Amino acid sequence: MDRHQTYAERSAKQTNAAAIQLLDTIDRKKTNLCVSVDVTNSKDFLAIIDAVGPYVCLVKTHVDILEDFNRTLVEHLVQLSEKHDFLIFEDRKFADIGNTVALQYFSGVHRIASWAHITNAHPVPGPSVVKGLASVGLPMKRGLLLLAEMSTEGALARGEYTDEAVRIARTHRDFVIGFIAQRRMEGVGLRPGETMHPTEDFLVLAPGVGLDVKGDGMGQQYRTPRQVVFESGCDVIIVGRGIYGKPEALDVQAVQAQAERYRKAGWDAYLERVKRE
Ligand code: S5P
C-alpha cells in the first residue's frame, strides 16, 4: 500500500463489508480514533460511549469485563452506534480450535457475532481459528483482525510468529481485514520469490497509544498518535485510559475534550502521511 493513499481511495478497493464501512466512516467523520472502553459497569460504559461517539470511527469493547451485562445493554450499544455513526469492535481475542471459537463467537451469554462488526483472534492455533470464525462471521458480513504484534513489553508475537500471522491473513483475505499491530504489514512474511498480491491492503489498528504517559506500570507501552500513524503507517489509533481516565471519577466534558484531542492528533498525523509534495 502506497502510504499516500487516502482512506476513501482504499475503501474503493476493499471487498469485505466491515472494512468498507470502517474506511468510509473514517473518511466521513474525519476520525481514525477508536476508543477502548474497559470499565466494569454498564452505566459508565454507555456514558463514555455516548460522550466519545461524535469523535470516533470505532468503539472497542471487552464485554466480559461488565458486571451487569445483559441483552438490553447490547441494544443500547447498537443504538449509540447508529446515533453517532461508529462501528463496534469486540476485543475478544479468540484463541482456540475452530469449532470452539465458532461457538464462542455465535453463542453463549454475549452472542458477539450478532452485534460486533469486527472482532479479533490470536493466530496461535493456526489457520483453523480463522476458518472457525469465518464460518459464523462471513455470512453476517463481519470482519476479523489478527493479533500480529502486541503493545506490551516482552510480547512473544514477533519475528516468525508475526510472519505466520500475515501468511494466515493472506489465505483468508475475504474475512481477515487486517491486524492489531504496531506497524504496517506490507511485505511481511513473504517467502523468497513471492510477491504481494496487487490488491492486498490490510488495515492496521494500533493499541498502546497515549499522549501523556509512556506506560501503565503493568507492561503496557504507549506511543503518540504521530509515531503510530505518520511514522509507523498504522490506520487506526486505539486509545483507552488516555481518554476516559479513572472511571471512578468520570467527567463527561473532560472525556470529550480528550477524545477531540486524540482525534485531532490522529487525523493530523494521517494528513501529514498522505500529503504529496
Ligand atoms: O497489543 C495489544 C492489543 C490490544 S487489543 N495491546 C492492547 O493494549 N490491546 C487492548 O487495547 C487492551 O486490551 C486494552 O483494551 C486497550 C488499551 O487500553 P489503554 O487503556 O492502555 O489505552
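Leaving aside its neighbours within four places in sequence, which residues is arginine 142 in contact with? The partners are Asn16, Ala18, Tyr105, Ala113, Ser114, Trp115, Ala116, His117, Gly137 and Phe175, where contact means heavy atoms within 4.5 Å. The structure is a predicted model, in which local features need pLDDT of at least 70 and side-chain atom pairs count only at pLDDT 80 or more, while totals for chains, interfaces and linings use all residues. Residues are numbered from 1 along each chain as its sequence is written, and side-chain values use heavy atoms, with hydrogens and water left out.

Arginine 142 sits in the loop between α6 (128–137) and β5 (143–147). Helices (H or I, at least four residues) and strands (E, at least two) are DSSP runs, numbered from the N terminus. With a relative accessible area of 13%, arginine 142 is buried. Buried means under 20% relative accessible area, exposed over 50%, and partly exposed in between, using a 1.4 Å probe and protein chains only. One of the partners of arginine 142 is Ala113; the two residues are 29 apart in sequence and 7.6 Å apart in space, C-alpha to C-alpha. The side chain of arginine 142 also reaches two backbone oxygens, that of serine 114 at 3.3 Å and that of alanine 116 at 3.3 Å. These are polar contacts, meaning pairs of N or O atoms within 3.5 Å; within protein, one atom must be able to donate a hydrogen and the other to accept it, and residues adjacent in sequence count only if both atoms are side-chain atoms.

The helix α6 has a packing partner of its own. Helix α5 (residues 98–106) and α6 pack at an angle of about 35°, with their axes 7 Å apart. Here the axes are lines fitted to C-alpha atoms, for helices over the stretch in contact, and angles run from 0 to 180 degrees between N-to-C directions. The crossing of the two helices is right-handed, a term used if the near helix is turned clockwise from the far one by less than a right angle, with anticlockwise giving a left-handed crossing. On the α5 side the contact is made by Gly98, Val101, Ala102, Tyr105 and Phe106, and on the α6 side by Ser128, Val129, Gly132, Leu133, Ser135, Val136 and Gly137. Sorted by class, this contact has seven nonpolar, five polar and no charged residues. In this sorting Ala, Val, Leu, Ile, Met, Phe, Trp, Tyr, Cys and Pro count as nonpolar, Asp, Glu, Lys and Arg as charged, and the others, Gly among them, as polar.

Strand β4 (residues 118–121) holds asparagine 120. Is this residue buried or exposed? Asparagine 120 is buried, because its relative accessible area is 0%. Its side chain is joined to that of aspartate 91 by a polar contact of 2.7 Å, and a polar atom of the asparagine 120 side chain lies 3.1 Å from the backbone nitrogen of arginine 92.

Attention now turns to the ligand. How many residues surround the ligand? There are 16, and the closest are Asp38, Lys60, Ser151, Tyr222 and Arg241; a residue is near a molecule if one of its heavy atoms lies within 4 Å of it. A polar side-chain atom of aspartate 38 lies 2.6 Å from an oxygen atom of the ligand. For serine 36 the corresponding distance to a ligand oxygen is 3.1 Å, and for lysine 93 it is 3.4 Å.

Some loop residues complete the picture. Lysine 30, in the loop between α2 (17–29) and β1 (33–37), has a positive phi of about 55° although it is not a glycine. Lysine 30 is partly exposed, since its relative accessible area is 42%. Aspartate 85, in the loop between α4 (71–84) and β3 (87–94), also has a positive phi, near 65°, and counts as partly exposed at 27% relative accessibility. Proline 127 lies in the loop between β4 and α6 and is partly exposed at 45% relative accessibility. Beyond its neighbours up to four places away in sequence, proline 127 touches Ile168 and His172.
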